[in-house]
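Open the model in your viewer and keep the selection tool at hand. The tour below goes from one selection to the next and says what is there.

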Amino acid sequence: MTAISRSGAGRGVAALVCGALAAGGLAAAGVAALEPGEAAASSHREAPLISGTPQYDTTDLYAFVSPDRPDTTTIVADWIPFEEPAGGPNFFPFAEDAQYDLRVDNDGDAREDLVFRYTFRTHVKNGNTFLYNTGPVDSLDDPDLNVTQTYDLELIRLKNLHAVSRTKIADEVPVAPSNVGKASMPDYAKLRRQAVHKLAGGAQTFAGQADDPFFLDLRVFDLLYGGNLTEVGNDTLKGYNVNSIALQVPTHMITESAHQPVVGIWSTTQRRTAKGGFTQVSRLGNPLVNEVVNPQKDKDVFNASTPRDDAKFLKNVTNPELPKLIEAIYKIKAPAEPRNDLVDVFLKGVQDLNQPPHVTPAEQLRLNTSVEPAKHPERLGVLDGDTAGFPNGRRLTDDVIDIALQVVEGELVGAENDLGDAVDANDRKFEKAFPYVALPTEGSRGPLAKGTSGDADVRSQLGDALRPAGSAGDDDTPLIAASAGAGAVGALLIGAGLAWWRRGRGRAY
């Protein structure tokens with residue numbers, strides 16, 4: 001057991017993918033796209049600039065040895081925080097002018113060696129309706145799914161930050177849509193299964209909406225839970241969704257060797273500029289770093305930076321603000337500074353667990369891929385003797401708020417504590433197979449309208465109303481058309497009346 005513990009306790013990704021890894025001369029084009037330019041812009045709304053552009057905001061990152069396929073590693077990254085499930089009619093597409101990256105450093109030098117790049121395209125079948133779907137959707141290729149997205153996946157291999165090969169390993173893969181509601185998508189689980197795309201050699205990829213897997217009480221920002229711990233125990237993210245990208249690959253594909261199984265992983269978003277290039281606007285490795293470690297002056301800079309330049313943020317870790325705030329409000333003495341214990345855990349990795357040899361300190365999510373999945377995972381991960389959990393990677397079930405609070409308050413330097421936010425698990429059960437994230441909350445959630453049973457079915461009438469004039473339809477079509485026409489005439493009369501009234505009063509609008 002490592003010093004952090006509180007208690008005692010396939011070959012080949014496919015010829016295509018392996019060829020991409022081995023072929024040094026396939027292509028060196030696009031090197032500039034790998035090197036973020038100057039930018040002023042993770043987690044949930046953690047920096048001023050990125051909070052205004054949620055499509056590019058990477059909210060969370062997870063990496064773990066796949067529990068049902070332990071010879072593979074799964075990476076899950078989320079974007080677009082606080083998706084209100086009923087937020088139509090446009091709902092929550094991935095941005096088309098962005099590169100969504102999963103970056104892997106497999107030798108500990110704080111430089112990416114592999115980049116898995118996702119880019120998206122939007123397709124609209126009928127531009128003459130405001131509807132996301134024009135009827136119940138039974139499959140990803142259903143004609144009634146009016147707005148769809150597809151994505152390409154590239155594998156880029158680098159040496160000294162220069163691309164030595166680029167290969168497209170997935171092409172035009174369908175994205176799981178936003179979960180509009182039970183009437184629109186009566187079997188959303190079926191759509192999720194159809195969006196899991198198998199790559200040759202045992203790899204899998206997924207992109208689409210999911211329940212936000214992060215569970216915590218965000219009222220920490222109200223003077224640290226109200227100043228008297230009265231504001232704890234509420235999962236702030238309950239009922240909200242995110243857009244997830246998940247990738248499962250044979251572990252040997254991303255590690256340096258069997259003798260060096262530790263990888264560092266982070267996600268980034270690059271946005272297209274007016275000049276046609278790309279600029280990095282978001283970055284995430286460990287959770288909460290840019291939210292509660294970096295001060296306001298560093299947040300946008302951090303999102304545009306790279307791990308190899310993290311020395312500039314070192315003081316934020318060695319002299320953290322949060323323990324001082326906790327001491328001021330709750331009189332719990334802050335551990336002595338400098339906090340080298342935090343540097344060891346979050347910038348280097350835990351010694352003898354997930355710290356690579358000759359490591360360069362950098363903010364990455366580090367995972368020792370040789371640690372087998374736990375049969376009975378502990379929510380506090382390594383703190384409770386479960387070395388397969390956070391901060392050795394991050395599983396969906398790891399309670400990172402409680403872990404981080406306890407470590408920041410000195411758990412590793414003799415100040416044992418049981419601090420936490422009283423939210424110990426996600427509100428929705430995670431899946432047992434890839435992509436593991438829970439199904440998204442549907443837009444039709446909530447109580448039924450007063451006086452209704454929920455059995456009414458208006459979908460056929462809606463379909464009739466949307467048919468072109470003169471097409472065959474049910475007997476109800478004239479009634480619907482008449483109602484719509486009457487409504488339009490009524491609206492025109494009301495509008496005319498308002499205009500006359502405003503003119504009479506001399507109003508400018």
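Select Y62, P213, F214, F215, R394, L396, D398 and V400: in this predicted model, these residues line the second largest cavity. The space inside the second largest cavity is about 30 Å³. Colour the selection by residue class, and the lining of this cavity shows six nonpolar residues, two charged residues and no polar ones.

Next, go to the largest cavity. Select Y132, Q149, A176, P177 and S178, which are the residues nearest the centre of the largest cavity. They belong to a lining of 15 residues. The volume of the largest cavity is about 140 Å³. Such spaces can be found by calculation: rolling a probe the size of a water molecule over the atoms shows where empty space is left.

Which strand gives the largest share of the lining of the largest cavity? Select β5, residues 147-159; β5 supplies three residues, the largest share. By class, the lining of the largest cavity has nine nonpolar and six polar residues, with no charged residue.

Now move to a helix. Select α6, residues 296-303. Which residues of α6 are buried? They are D298, K299, D300, F302 and N303. To see what the buried residues of α6 pack against, show β11 (278-284), α5 (289-293) and α7 (314-318).

Then zoom out and select the whole protein chain. Drawn as a cartoon, the chain has twelve helices and twelve strands. Of its 509 residues, 51% are buried. Switch to a surface view: the accessible surface of the chain comes to about 23,100 Å², and carbon and sulfur atoms account for 55% of that.

Last, colour the chain by pLDDT. The average over the protein chain is 85, and 79% of the residues score at least 70. Select residues 468-509, where the pLDDT is below 50. In the model, this stretch has eleven contacts beyond near neighbours in sequence. Then select residues 7-42, where the pLDDT also stays under 50. How many contacts beyond four places in sequence does the model have for residues 7-42? There are 94. Take care with both selections: where pLDDT is low, the predicted coordinates should not be read in detail.

Methods. Residues numbered from 1 in each chain as written. Predicted model: local features only at pLDDT ≥ 70, side-chain atom pairs only at ≥ 80, totals over all residues. Heavy atoms only, no water. pLDDT = per-residue confidence, 0-100. Contact = heavy atoms within 4.5 Å. Helix = DSSP H or I, 4+ residues; strand = E, 2+ residues; numbered from the N terminus. Buried < 20%, exposed > 50% of the residue type's maximum accessible area, 1.4 Å probe, protein only. Areas by Shrake-Rupley, 256 points an atom, 1.4 Å probe, with all protein chains shown as cover. 1 Å grid on protein atoms, 1.4 Å probe; cavity = no way out; pocket = protein on both sides within 12 Å on 5 of 7 lines; lining within 4 Å. Points joined across faces, edges and corners; volume = space filled by probe spheres on them. Nonpolar A, V, L, I, M, F, W, Y, C, P; charged D, E, K, R; others polar.
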